[in-house]
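Take a first walk through this protein model.

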Amino acid sequence: MAKHRFGGSWTERKLNALRDYLVQYQKIFTTNPNARKLQTIYVDAFAGTGDRDTGEDLRQSSLFGYDDDTRGYQEGSVRVALSLENKFHQYIFIDNKAKHTSALHNLVNLEFATLVNRCTIEKTDANRWLQDWCRTQNWREQRAVVFLDPYGMGVEWETIVAIANTKAIDLWVLFPLGIGPSRVLPNQEIPDSKWASRLTKVFGSDEWKSKFYVEGGDVDLFGVKHKSVTKIAGVDEILAFFLQRLGSVFEKTVDHPLILHNSKHSPMYALCFAAGNPKGAPTAVKIASHLARG
């Protein structure tokens, strides 16, 4: 069994916000006569091992800019969801690593044996799986909460759009505020094609170039004009652009997400919330906004 890793109050803030929301969500779907007719599903993508494991391979840290502090965000949510008093009708946990899905199977079988028949564990690419799943479900008879806890900039915009299009899913997504886009945006040039492509996949548009950079130029002594670009976006501007994009596809979003800092007080993630169901969105966002204020 994986060891627990306690990263500090910032980790607990994320887990507490998720837990409190799921409690309120299930309260609605177990007490409201109309809502009670619907099946409820919890989906945890990039689920990790289910626990906060100190033994995780950190070789990707140089690529995505995360370290031991960051890993603390990746585990724990599975256990939170399974431990609720009011259970979901179905749980889906996704990860593309065999050792992670193996640990998830062990966690469910050993500690939540009564929920084995409700749990589906998928070893696959979370983006592809979620997009297909969202398109093929009967959303007239069920509702879901999806938690996207990515490795770096692992969530693609097409996945977010697929979730929004169901009009039936509440989304919690950890946007890599301080360890993602802000680390791959050079100060005096547009990112190279590799990172530019990744940023466009994350935001779903290359509009980020005009939002994050301004073009300029100087004329030298010989009258030759030299073009230049300068980064004008800090973490606040990057988050504002992501929230703008999120609001363009969802019914309603939380305007001021919960900002999660590491032990050095640097912003790492923004815990963002969006609701897709037109009828339930006002209540969902009211609850999530209260939790984000903490």
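What follows starts with how to read the values, then visits helices, loops and strands, a cavity and a pocket.

This is a predicted model, in which local features need pLDDT of at least 70, side-chain atom pairs count only at pLDDT 80 or more, and totals for chains, interfaces and linings use all residues. Residues are numbered from 1 along each chain as its sequence is written, and side-chain values use heavy atoms, with hydrogens and water left out.

Begin with helix α1. Helices (H or I, at least four residues) and strands (E, at least two) are DSSP runs, numbered from the N terminus. Q26 sits in helix α1. Is Q26 buried or exposed? With a relative accessibility of 1%, Q26 counts as buried. Buried means under 20% relative accessible area, exposed means over 50%, and partly exposed is in between (1.4 Å probe, protein chains only). The side chain of Q26 has a polar atom 2.8 Å from the backbone oxygen of K87. That pair is a polar contact, a term for two N or O atoms within 3.5 Å; within protein, one must be able to donate a hydrogen and the other to accept it, and residues adjacent in sequence count only if both atoms are side-chain atoms.

A second polar contact involves a loop. E156 lies between β4 (142-148) and α7 (157-165). E156 counts as buried, because its relative accessibility is 11%. Its side chain meets that of R128 in a polar contact of 2.6 Å.

Two other loops hold residues with positive phi. One is F46, a residue other than glycine, with phi near 55°. F46 belongs to the loop between β1 (39-45) and α2 (61-64). At 11% relative accessibility, F46 is buried. The other is H265, again not a glycine, with phi near 70°. The loop of H265 runs between β9 (258-261) and β10 (267-275). H265 has a relative accessible area of 66%, so H265 is exposed.

Now look at the strands. H261 is part of strand β9. A relative accessible area of 29% makes H261 partly exposed. H261 and T11 are 250 residues apart along the chain, yet 8.7 Å separates their C-alpha atoms. Strand β6 (residues 213-219) contains Y213. Y213 is buried, at 5% relative accessibility. Which distance separates the C-alpha atoms of Y213 and I232? The value is 5.4 Å, for two residues 19 apart along the chain.

The buried residues of α12 are A281, A284, V285, A288, S289, L291 and A292. They cover an arc of only 165° around the axis, so they are on the same side of α12. The arc is that of the directions from the helix axis to the C-beta atoms. On the other side of α12, the exposed residues are K286, H290 and R293.

On a 1 Å grid over the protein atoms alone, a cavity is a set of points where a 1.4 Å probe fits but cannot get out, and a pocket is an open set with protein on both sides within 12 Å along at least five of seven lines; lining residues have an atom within 4 Å of a point. Grid points are joined across faces, edges and corners, and a volume is the space filled by probe spheres set on the points.

How many cavities of 30 Å³ or more does the structure hold? There is one. The largest cavity has a volume of about 60 Å³. Its lining is P150, M153, V155, I160, V173, L174, F175, P176, V202 and F242. Strand β5 (residues 169-175) gives the most, with three residues. The lining has 10 nonpolar residues, no polar and no charged. Ala, Val, Leu, Ile, Met, Phe, Trp, Tyr, Cys and Pro count as nonpolar, Asp, Glu, Lys and Arg as charged, and the others, Gly among them, as polar.

The largest pocket has a volume of about 450 Å³. It is lined by 21 residues, of which I28, F29, A35, N277 and G280 lie nearest its centre. The elements that give two or more residues to this lining are α1 (9-31), β4 and α12. Helix α1 has the largest share, five residues. By class, the pocket lining has 12 nonpolar, six polar and three charged residues.
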